[in-house]
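Here is a short report for a reader new to this structure. Please look at the sequence and the model first.

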Amino acid sequence: AQAGLPLSPHTVDRLAAEGLQPGVPWSRDVRESFVSLLGSGPAMVTVWEALDQCGAIAPLLPGWDVVRSAPQRNALHRFTVDRHLVETAVQASALTRNVDRPDLLLVGALLHDIGKARVGDHSEVGAALAVDLVARMGFNAADSAVIVTLVRHHLLLADTATRRDLEDPAVISQVADVLGGDVTVLDLLHELTIADSLATGPTVCTEWRFGLINDLVERVRASMAGRPLPQPPELTEHQEVALAQMGVWVLMDVRDATCIVTVGAPDRLGLLALVAGVLSLNRLNVLAARVLTVDGRAVQEWTVRPAFGDPPAVEQLSDDIRRAVEGTYNVAERLAKRAAEYASAPRLERPDPVVAVTNAPSGTTTVVEVRAHDEPGLLYRVATAVAKADAAIVGAKVSTLGADAVDVFFVTDPAGNRLNDDRVGALRSTILASLG
């Protein structure tokens, strides 16, 4: 689905005959792969339908067979219940840049009407079903609660916007209270409401209706506390060890389907990009990263997953990183060569990347937030762009959520100060150009 290709009939037959069911709860690897499927856009529909027809979906999502081909009670809908859920996920995949947690948006979109074709209020029934489903998927308690809230209240914004007086402060306070005063949940519910409307049909996709919903969201947002800027991460135990070493130091801890790679090295402009490039060249997909610079030494902790097969030996990875730092391993040239090999692959439409560069009212660093479709070499390009803008990365929080990369960098100018307004604009332009 991510490549825009249909499943071949032979592959579908093999999945039906030989496919293995994941354990319960799902591992992070399984969950991220599932979210990546949901976030692949319109190409997901044919892949999902092939999987459903061969019987691969129902075991993953107990209760899916109830909504399969179920008719809608409301004539506004153009799709059956199951197809509407899939279409809502497709529409949500184009809105993931607008939220902090694209994975929760996509899963919420898939499950929002799971309570239909059953007795009772479908929102409440669906929320009860979602409790078990998200636990099965391996989400933690906090994330599970958010998804269940999205399912239970997926009609809240549309119903309130079109049926209540938005000038009444009590109405705004009530919505804010239902959502626990959480701006992140408000943003997720807003985008889910838009995706749900787009997947329903043109009757509910009027400019007037969307205008009311947007007005309500802005009023509720104004009543909630503003979201603080992300804070730099603290050192982990492995990073503490790396900080005490000399030269380039690499440790790899293999944990089931993922690996923790810890790197310590003398800090230098572009170091993060070099390490990210080496990881990509070794077919290691970055799931998360924690990066700090302390007294001239950079300490990095990467959570990675092999794209396929076994991870490289730590000796090979350490040697590649050391040679990259020394300049005898040309990361840019090797990445360009690999990109050329994939140049003939179909170019799919993706939501535009979003880059925000912000200075907090108080603080010594500038915060750079990047949201983009995850792909090999993405982190290398972003970090290289930061270095080209003559800015230093002194901290980073990198995460991959399904098909979306949500990366935060803490940067300074060469003198160690946060960027001035002119440099902020230039840095944003440089990063956006690298993602084009």
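Is the crossing of α15 and α16 left-handed or right-handed? The crossing of α15 and α16 is right-handed. A crossing is left-handed if the near helix is turned anticlockwise from the far one by less than a right angle, and right-handed if clockwise.

## Basis of the model

This is a predicted model, in which local features need pLDDT of at least 70, side-chain atom pairs count only at pLDDT 80 or more, and totals for chains, interfaces and linings use all residues. Residues are numbered from 1 along each chain as its sequence is written, and side-chain values use heavy atoms, with hydrogens and water left out.

## Helices α15 and α16

Helix α15 covers residues 271–281, and helix α16 covers residues 314–326. Helices here are DSSP runs (H or I, at least four residues), numbered from the N terminus. The two pack at an angle of about 140°, with their axes 10 Å apart. Axes are lines fitted to C-alpha atoms over the stretch in contact, and angles run from 0 to 180 degrees between N-to-C directions.

From α15, L271, L274, V275, V278 and L279 take part in the contact. They meet L317, D320, I321, A324 and V325 of α16. Contact means heavy atoms within 4.5 Å. By class, this contact has 9 nonpolar, no polar and 1 charged residues. Ala, Val, Leu, Ile, Met, Phe, Trp, Tyr, Cys and Pro count as nonpolar, Asp, Glu, Lys and Arg as charged, and the others, Gly among them, as polar.

## An enclosed helix

Helix α7 spans residues 102–111. Buried means under 20% relative accessible area (1.4 Å probe, protein chains only). In α7, 10 of the 10 residues are buried, so the helix is largely enclosed by the rest of the structure. Among them are P102, D103 and G108.

## Aromatic rings

The structure holds 3 aromatic pairs. Rings of Phe, Tyr and Trp (its six-membered ring) pair if their centres lie within 6.5 Å; planes under 30 degrees apart count as stacked, over 60 as edge-to-face and the rest as tilted. W26 and F34 pair edge-to-face, 5.2 Å centre to centre, with 75° between the planes. W26 is buried at 5% relative accessibility. F34 is buried at 8%.

W48 and W64 also pair edge-to-face, at 5.4 Å and 65°. W48 lies in helix α3 and W64 in helix α5, 16 residues apart. Ring pairs link W26, F34, W48 and W64 into a cluster.

Key. Buried means under 20% relative accessible area, exposed over 50%, partly exposed in between (1.4 Å probe, protein chains only).
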